[in-house]
Amino acid sequence: MSHLESSVQSLHPAPEGASKQMETTDQIRITTPEKVCGMGHRMKRKEDPRFIRGQGHYVDDVKLPGMLYMDIVRSPYAHAKILNIDASEALATPGVLAVITGKDLKDAGNLHWMPTLMSDTQMVLPIDKVVYFAQEVCAVVATERYIAADAIEKVNVEYEPLPAVVDPFEALKDEVIVRDDKEKKTNHVWHWEAGDKEATDKVFGEAATVVKQSMHLPRIHVASIETCGMVANYDPTMGKMQLYMTTQAPHAIRTVFALVSGLPEHKIQVISPDIGGGFGGKVPVYPGYVVCAVASLVTGKPVKWIEDRSENLQADSFARDYHITAEMAADAKGKITGLRVKTLADNGAADAAANPSKFPAGMYSICTGSYDMKAAHVEVDGVYTTKPPGGVAYRCSFRVTEAVHMVERMTDILAHELGEDPADFRVKNFIKPEQFPYKSPTGWEYDSGNYDAALAKAMDIIGYRELRKEQAEKRARGELMGIGICSFTEVVGAGPSRDFDILGIKMFDSAEIRIHPTGKAIARFGTKSQGQGHETTYAQIIAEELGIPAADVEIEEGDTDTAPYGLGTYASRSTPTAGAAGAMAARKIKAKARKIAAHLLEVGEDDLEWSVDRWQVKGSPDQHKTIQDIAFAAYTNHPQGMEAGLEATDYYDPPNLTFPFGSYIAVVDVDSGTGEVKVRRFVAVDDCGNIINPLVVEGQIHGGLTQGLAPALFEEIVYDENGQNLTGTFADYLVPTAVESPKWETAHTITPSPHHPLGAKGVGESPTVGAPPAIANAVVDALWHLGVRHVDIPITPQKIWKLLRDAGVSD
Amino acid sequence: MIPGEFEYHAPSTVEDAVSLLDTLGDEAKVLAGGHSLVPAMRFRLAQPRHLVDINRIAGLSYVREEDGHLVIGALTRESELEHSSLVAGRYPLLADAGRVIADPLVRNRGTVGGNLAHADPANDHPAVMLAYGATLVARGPGGERVIPVDDFFVGLFESALKPNELLVEIRIPSPGAGSGGAYRKLERKVGDYAISAAAVQLTMDGSMCTAARIALTNVSPVPMRANAAEAEILGEEPTEDAIEAAGRAAAAECDPSADLRGSEEYKRDITRVLVKRAIRAAVTRAQGGA
Amino acid sequence: MSSRHGITVTVNGAQVTREVDARTLLVHFLREDLSLTGTHIGCDTTSCGACTVHLDGVAVKSCTVFAVQADGANVDTVEGLADGATLHPLQEGFWEKHGLQCGYCTPGMLMAAKELLARNPDPTEEEIRFGISGNLCRCTGYNKIVEAIQYAAQKLREAGEEAHA
């Protein structure tokens, strides 16, 4: 893992032609008529008819003849030796066919361990010891779901408890070694840094003001309403393994399965059917998947495994769990000059983070955010603890949420410390529109941005100056009200393949378009929607490029036997990568269509120009061939010497990431009696470049905002000192309802990406990134006059109550 | 999460139910709304050998006034209380609670009797009924037994009901002139059990409080009256000072334990705040305010 | 052993008779015995509402009711919401207003909303939010679900007025 230990990244500049400043507008670009429904149209989603009728097809809906059911025995200890597994009583139960243990997997070809995406290793099933609470210990296969559930109660496992190590700072003492399978007997896994340490120290030495704050972004869980599961269907006759599974990245998973199991890759078909929410939680390979596949191999029958909610919350990958200490420096004029950050990353029992392989802390070094500063240096250390391995994104691009939370909290603290209005202070320190493309002190090249415009719009919508007056009046009366701002910069769309890969597989993505003779089309992509609406937005991209009505374009994803190879959907990468591939494939088709049109119209290609859905003769648009005419000709009357048909494939390797941004403003009221925080208003102005479908983009932003509200005020995975998960059900893991979630007010500015073929950027995760610091800043803003400088999320009533009572405020 | 195996019984009369309970003894559990029992069975925290489903017994679901009481059939669904205009108009304490018990779908199934008979200090009806001074009617092999609510809760998840008795009715004394009540609950999110909650029912004669009962939710192992808090306002004018004193008394006499909902100290102080807010609201209502 | 029970249930208007274990949950009966997979499972604690169906016209969480308890009852699921090719106004509203993303919570939301509008044909936004507070959605942030229900409420009111006219 030498490449993990230390790497200072330097991202290459964007290619020529991309280095231009983009204009900002409020106007959504629409170039096609309603009937074509290209980009910018509020098209109703094409996938919805099946969902609103209950005809969606999720993994648990798959029912195959002779299907068996698997259930998993899990560890009641966070850390324990396994002395014995006695399955005799379970095996004696009528209907129970097999009990699969770690030893069985070892005998089957060392399948008891598997690689993680970060080149670490993780147990599939243990032989000697367990290293987290609810760890998979063995699995029961039975003829019925209910019998399997009964049988797991009858497996008697003898444990010898070992001390748990729950706190990563304790873990660093190496008194309890989590991974004694490793050569190096230490819980310290990796060290990683970015930026220029020397330059940063110099800036801090010269600073007029330095603020310092420690903060913890606790463990949270994506908690998609559909849990994880699989139906493994091994056909011994043909030697083919079909895996219906809840995965966001079917192709990469197929390759991993091939490498781990030794089954030939062409005999593995991964099918990701409708997915009931992913948010990063369905990127990793969990032990249950592997065991389920083995169960089908062993029995020669289809085997279904569906997690229950507790298994999902207790054992599946977490997000966050970063312990951060940050310092921010400013000069005498109140200009931010530098940022210095040290971070401890609690990996749990394996580094199973879903990050690009060379980035153990993901995109965390984006942490200078929207602010122009001279220098920054960021360090992260990864640590093992006896907790489930992770972490995944929880709807964010590889640790950018942690980065943004930190920099937005620090900016707010600095503004308050200097007595400056947090909005004015941000404007003073923003990277200015004319500075794009902007090279950040940690090596990123931001493609485009106009931070002033987004913040000005948010302030205008919410009535920022009036709210400040209201706050002053209320404060005089002893009422607690706060206004919080977050002006975030996201980094999405991994990625340029020279920098980004997963287990060596480059992070391109793909599209394949086939136009049928009658001018209708099917397109397949390497990504996989989990609710993002790809069946609609991808169709609109093709409609935009080719003029074929979006309604006439069928979109397919998720079946590795038919879709082109891609890296999947997470980290807001679908539009930046696969969406771009769709546009590029369409352009290839358009180029061939031009040749056919020239042939049909008996003119030279150079005499033709494109208009919405046709090639027409320049200066005489009556002479034209529509894409439908051309498609028919491609199969019936194509030029001699040209291949028949009209289809194209594109593997798109983006020249850079995209950098969506936005400004969010939250208004909160704090109950001085109970400590409750109520989000009274929340305005979100997002800029994701050109918008493909405004309806879908709004939905993405609303959903992300509620998923930002959730960790800000409610959600946390809590362990006791023995490593037992105390929040293993929806009764205690507090997913917000429609009541907690405020009525979100959203708006946009549009600053296109200079390098994306459609000028678009990713958007699904911006709100999850931007909302928590806006809310946290608002709460601290409400309490600053009482001496409160910071409060860790989730901001529970009890935390506020304590701060208030300590400040002598009561009811 | 699959429940363990059991035998299912669906009697159609109270007599048959009581007779089954009498025969099956400790091995049987009564299934009413099932919204505490079924999840416990799915987690195999409860593994009864027999379930006696009382949902098919006719005549156990009603809300009406009779002989100076609001009488509620034990099988009355929470949603029936929630949408009862009688309750909304005359029993504001009960109406307050009816809106904050679990969520609308759970209220469609959950029953008033089940909420009480489960004797869970986290449930909302125990404090409400303690504040109203309700009586509970049980039927056993020997006939009917009327249990004052003050004698009903005897331990954690333990009521005065015998294994062969079925709770059939709850009787709330109809409040007289100058009465008012309120329920104030703090929850982590909508539908949650209370961090703490206060139920207050009182009577005002002019500016004087002539009757007061206060009870608390989820801050003691057994649902509890806040006697000391009551004493601070009973026979007094409920001034802000008296209300503060009542809040402090409740904070001192409750017995919360630390858990995910908060520390003991937090729960005590929140109880103080909620008791005060409930008293203020009850006084306002008693004096004809909303 | 669990006791076995013959049950007859009218599901979406059609009567079915089956034998079930006492412990068979209604949601499993619907999904596995009747292959009505529109009703989903999202938790074990009666928290998420993905399994919401109507039992004799009342919205309940079918993971917390035993199938045997539905003997003799009417059960309505999302599959019975549309009238053939004609969508229920709620289905129309969810489609029109983008009230769903992954679709997993949608059947439960639709069934909870149907009852909400039956009780209260003209709910305020706050009443809608409390009315669906037994149903978790992880994708939409709820704004557009509220709009979808408002859309359906208006359509249903208009239809009611027409019927009276």
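## Strand β1 of chain A

Strand β1(A) is joined to strand β7 (residues 136–142) of chain A by six bridges, and the two run antiparallel. One facing pair in this arrangement is A:Tyr69, which stands opposite A:Ala142 in β7(A). The model described here is predicted. A further pairing links β1(A) to strand β14 (residues 303–306) of chain A, this time parallel and through two bridges. Here A:Leu68 stands opposite A:Val303 in β14(A).

Seven of the seven residues of β1(A), which spans residues 68–74, are buried, so the strand is largely enclosed by the rest of the structure. In a regular strand the side chains alternate between the two faces of the sheet. In β1(A), A:Leu68, A:Met70, A:Ile72 and A:Arg74 lie on one side, while A:Tyr69, A:Asp71 and A:Val73 lie on the other, and both faces are covered.

A:Val270 belongs to strand β13 (residues 268–271) of chain A. Is this residue buried or exposed? A:Val270 has a relative accessible area of 0% and is therefore buried, the limit for that class being under 20%.

With residues up to four places away in sequence left out, the contacts of A:Val270 include A:Leu243, A:Met245, A:Thr247, A:Pro250, A:Ile253 and A:Arg254. A:Gly558, A:Asp559 and A:Thr560 are also touched by A:Val270. Between A:Val270 and A:Phe257 there are 9.6 Å from C-alpha to C-alpha, at a sequence separation of 13 residues.

## Nonpolar cores

The largest nonpolar core comprises 191 residues. Those with the most contacts inside it are A:Tyr364, A:Met406, A:Trp444 and A:Phe682 from chain A, together with C:Phe94 and C:Ile149 from chain C. Helix α19 of chain A, residues 766–783, supplies the largest share of this core, namely 10 residues.

Another core, of 47 residues, lies apart from the largest one. Among its members are A:Ile541, A:Ile555, A:Ala580 and A:Ala583.

## Helix α20 of chain A

Helix α20 of chain A covers residues 797–806, and its buried residues are A:Pro797, A:Ile800, A:Trp801, A:Leu804 and A:Arg805. Viewed down the axis of α20(A), these residues fall within an arc of 130°, so they line one face of the helix. An α-helix has 3.6 residues a turn, so residues three or four places apart point the same way.

Which elements cover the buried residues of α20(A)? The cover includes β20 (480–489), β30 (661–670), β31 (677–687) and α19 of chain A, along with α11 (264–286) of chain B. Just after α20(A), A:Gly808 adopts a positive phi of about 80°.

## Domains and sheet of chain B

Chain B is divided into three parts: domain 1 (7–53), domain 2 (63–173) and domain 3 (179–286). Taken over C-alpha atoms, the centres of domain 1 and domain 3 of chain B are separated by 35 Å.

Chain B also contains an open sheet of four strands, with the order β11-β12-β13-β14 and antiparallel pairing. Its edges are formed by β11 (179–187) and β14 (224–225) of chain B; each has a single partner strand, so one side of each is left without a neighbour in the sheet. Strand β12 (residues 194–205) of chain B pairs with strand β13 (residues 208–217) of chain B over nine bridges. In β13(B), B:Leu216 stands opposite B:Ala198. Helix α8 (residues 125–132) of chain B packs on this sheet and touches β11, β12, β13 and β14 of chain B. The direction of α8 makes about 160° with that of β13(B).

Key
Residues are numbered from 1 along each chain as its sequence is written. Chains are lettered from A and ligands numbered from 1 in the order in which they are written. This is a predicted model: local features need pLDDT of at least 70, side-chain atom pairs count only at pLDDT 80 or more; totals for chains, interfaces and linings use all residues. Side-chain values use heavy atoms; hydrogens and water are left out. A nonpolar core is a set of buried Ala, Val, Leu, Ile, Met, Phe, Trp, Tyr and Cys residues joined through side-chain atoms within 4.5 Å. Buried means under 20% relative accessible area, exposed over 50%, partly exposed in between (1.4 Å probe, protein chains only). Domain bounds come from an automatic or database domain assignment. Two strands pair if DSSP finds at least two bridges between them. Contact means heavy atoms within 4.5 Å. Axes are lines fitted to C-alpha atoms, for helices over the stretch in contact, and angles run from 0 to 180 degrees between N-to-C directions. The arc is that of the directions from the helix axis to the C-beta atoms.
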